[in-house]
Amino acid sequence: MRIYGRAPIRRAIAAHSLADPFSFFCLNYHSKDRLFSPNFKRDLSCESEVDEAIFLFRKMLRMRRQPSVFEFTKQLQVIVNLKQYSVALQLFDEMRQSAAPVNEYTMTILINCCCLLKRVDFGFAVFGIFFKQGYNANVVTFTTLLKGLFLDGKVADAEKLFKQLLTSKLCEPDDFTIVTVINGLCKNGHVLAAHDLLLLLEKTIYKPNVMAYNAVIDGLCKCRMVDNALELQSRMIDKGISPTVVTYGSMIQGLCDFGRWKEVKHLLNEMVDHKISLDVVTFSILVDAFCKEGNIKEAEDILEIMKQQNISPDIFTYTALIDGYCLQGKMDKAKEVFDSMASKGIKPSIMSYGTLINGYCKKRKVDEAWRLFLEVSSEGLEHTTVTYNTMIHGLLSEGRFADGWKLFNDMEARHVHPNLCTHNILLDGLCKTHQIADAFSFLKTMEDKGLNPDIVTNSILINGLCKDGKIEDAKKLLNELPTKGLQPNNKIYGAILGSLCDEGFIDDAKDLLIKMERSGCAPDSMTYNIIIQGLLKKKDLDKAMPFLEEMHKKGFLADATTSSMLINHLQGYKNDDVLLEMMKKVVPKM
């Protein structure tokens with residue numbers, strides 16, 4: 001690999017170098033079994049793969065005539081492949097002390113370990129030490145460092161290093177380098193920057209390959225910029241680069257998210273025309289999309305096609321199908337699919353468990369959900385923040401507040417970090433039980449933890465204040481939202497409008513409705529239904545009529561509750577032709 005000079009490399013690593021990174025290797029590897037004790041006896045017949053690899057490595061170090069650097073590097077890579085990155089670093093420190101041979105490949109392996117541990121700063125330190133000892137860096141080394149910067153979220157540093165590679169000619173970037181940079185930008189949310197870089201590289205000698213285009217197309221689709229992705233796909237074809245099943249998979253997912261089924265069908269036909277076979281990923285995307293649309297029959301048909309083509313559904317396919325049945329409340333079918341996975345040699349994932357737990361909670365079958373929740377640990381899986389949130393919400397929804405809070409405490413004790421959603425669920429539980437003072441105290445605890453209350457948090461508090469009869473406090477909190485950078489939504493306005501109407505403050509409700517429109521939040525069907533219901537509860541039909549008329553002019557219809565209340569009022573005023581005519585306009589199928 002061609003290297004262009006050492007001075008630019010010195011500048012590239014200067015900002016990242018550390019005095020002695022190897023102290024980090026020693027301090028950051030801990031083992032209760034003291035695996036690295038020289039007196040630790042092993043019976044290899046019962047040792048794990050990792051222990052055997054460590055044993056063999058140390059045996060090589062003790063040999064009178066040490067093996068070649070190739071053998072050491074190969075064995076070190078075995079340990080890295082087992083994802084024992086800290087162990088690999090510790091073993092390298094032992095290599096260093098034993099004066100074992102090393103080379104550029106050893107350096108790259110070590111840098112990769114640092115990067116995968118999200119300590120790219122130590123990766124640069126390793127780079128610096130090897131560089132000072134006369135070892136040259138190649139494109140693989142720089143690509144590894146770029147990957148580490150992106151993994152650590154240091155996007156600006158990664159962009160700066162890549163620019164140095166190009167301008168200072170530290171090395172010739174290859175296809176993998178370009179894909180690493182473009183993929184890193186996309187994964188860190190800089191999709192448009194990745195798109196711009198792709199177009200820029202098209203004009204240079206470093207032409208992006210299909211994987212680079214796929215990364216940007218996938219990023220655009222995930223950002224719901226499907227039309228931009230379609231345009232890039234056409235551009236890619238014009239450049240003579242043929243789309244792959246991965247390209248089509250991203251496009252199909254993006255179109256499915258918008259329900260653009262005609263275009264999905266067109267892409268599927270295009271795949272057939274180009275003799276590109278659908279893989280399990282593409283089939284799973286279709287199963288998931290049909291299930292989310294409520295078209296479970298179509299999802300089942302897709303599974304039948306997979307069977308005919310000898311493509312085995314994977315864990316993602318089955319989880320999507322489980323979710324589809326859960327969304328339709330068919331919990332027996334969902335559990336049947338869940339149980340069938342074992343017979344097909346597929347172990348349920350935490351996502352599969354979470355999907356089924358959520359389904360049971362929504363059907364108010366919290367005991368079944370709880371049994372599954374407890375089963376997770378016995379299956380060797382670890383709970384996530386999402387599964388805890390789902391179970392806590394399920395318990396609180398059934399009024400089991402003590403159990404919900406106990407589970408929250410367990411979550412913290414097990415170092416599963418509660419997020420803003422977790423705290424919003426608990427806050428909602430406090431507000432629904434009229435523990436407003438405790439809710440605001442919990443809000444302070446949230447803020448002390450560094451969590452920033454969002455619009456959902458404030459919506460919960462405003463709704464709680466309204467339900468507790470504290471309308472003025474709710475209005476005050478509403479007025480404070482813009483200063484917090486938050487825009488009130490229809491749900492928040494609806495809660496206060498409903499409370500004002502319930503209390504008979506109609507003029508205040510009208511004023512708030514005007515303020516709502518002026519703030520750019522247009523009243524929707526829910527807003528009008530809430531106001532009208534509040535007035536009908538007070539038997540104030542005359543004041544409700546103007547709102548019914550306005551609702552009709554804006555093309556909204558009465559919901560089930562409003563319709564039922566209007567019918568009840570009509571029965572009390574059988575000769576009210578005005579009300580009957582209005583009901584024909586706003587009550588569905590009247």
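Residues are numbered from 1 along each chain as its sequence is written, and side-chain values use heavy atoms, with hydrogens and water left out. Because the model is predicted, local features need pLDDT of at least 70 and side-chain atom pairs count only at pLDDT 80 or more, whereas totals for chains, interfaces and linings use all residues.

In soluble globular proteins, nonpolar side chains tend to be buried together. A nonpolar core is taken here as a set of buried Ala, Val, Leu, Ile, Met, Phe, Trp, Tyr and Cys residues joined through side-chain atoms within 4.5 Å, where buried means under 20% relative accessible area, exposed means over 50%, and partly exposed lies in between, for a 1.4 Å probe and protein chains only. The largest such core holds 182 residues, of which F142, I182, I252, L356, M391 and I462 touch the most other members. If its neighbours within four places in sequence are set aside, L356 is in contact (heavy atoms within 4.5 Å) with I322, C326, M331, A334, K335, F338 and L372.

Another of these core residues, M391, is among the buried residues of helix α22; helices are DSSP runs of H or I with at least four residues, numbered from the N terminus. Helix α22 covers residues 385–397, and its 13 residues should span 18 Å at 1.5 Å a residue, which agrees with the 18 Å between its end C-alpha atoms; the expected span is 1.5 Å times one less than the number of residues. Since 10 of the 13 residues of α22 are buried, the helix is largely enclosed by the rest of the structure. The cover over these buried residues includes α20 (350–362), α21 (366–378), α23 and α24 (420–432). After α22 comes G399, with a positive phi near 80°.

Aromatic rings of Phe, Tyr and Trp (its six-membered ring) pair if their centres lie within 6.5 Å, and planes under 30 degrees apart count as stacked, over 60 as edge-to-face and the rest as tilted. By this rule the count comes to 13 aromatic pairs. In one of them, the rings of W405 and F442 have centres 5.3 Å apart and planes at 80°, so the pair is edge-to-face. This pair links distant parts of the chain, with W405 in helix α23 (residues 401–413) and F442 in helix α25 (residues 436–448), 37 residues apart. W405 is partly exposed at 25% relative accessible area, whereas F442 is buried at 8%. The rings of Y528 and F556, by contrast, have centres 6.0 Å apart and planes at 35°, so that pair is tilted. Here Y528 belongs to helix α30 (residues 525–537) and F556 to the loop between α31 (541–553) and α32 (560–572), 28 residues apart. Y528 is buried at 0% relative accessibility, while F556 is partly exposed at 21%. Ring pairs also link F92, F130 and Y135 into a cluster.

Most residues other than glycine have a negative phi. R224, although not a glycine, has a positive phi of about 65°; R224 is found in the loop between α12 (210–222) and α13 (226–238) and is partly exposed, with a relative accessible area of 49%. The charged end of R224 sits over the ring of F258, 4.2 Å from its centre, the rule being that NZ of Lys or CZ of Arg is within 6 Å of the ring centre and within 35 degrees of the ring normal. H415, likewise not a glycine, has a positive phi of about 60°, lies in the loop between α23 and α24, and is exposed at 65% relative accessible area.

Key:
Helices (H or I, at least four residues) and strands (E, at least two) are DSSP runs, numbered from the N terminus.
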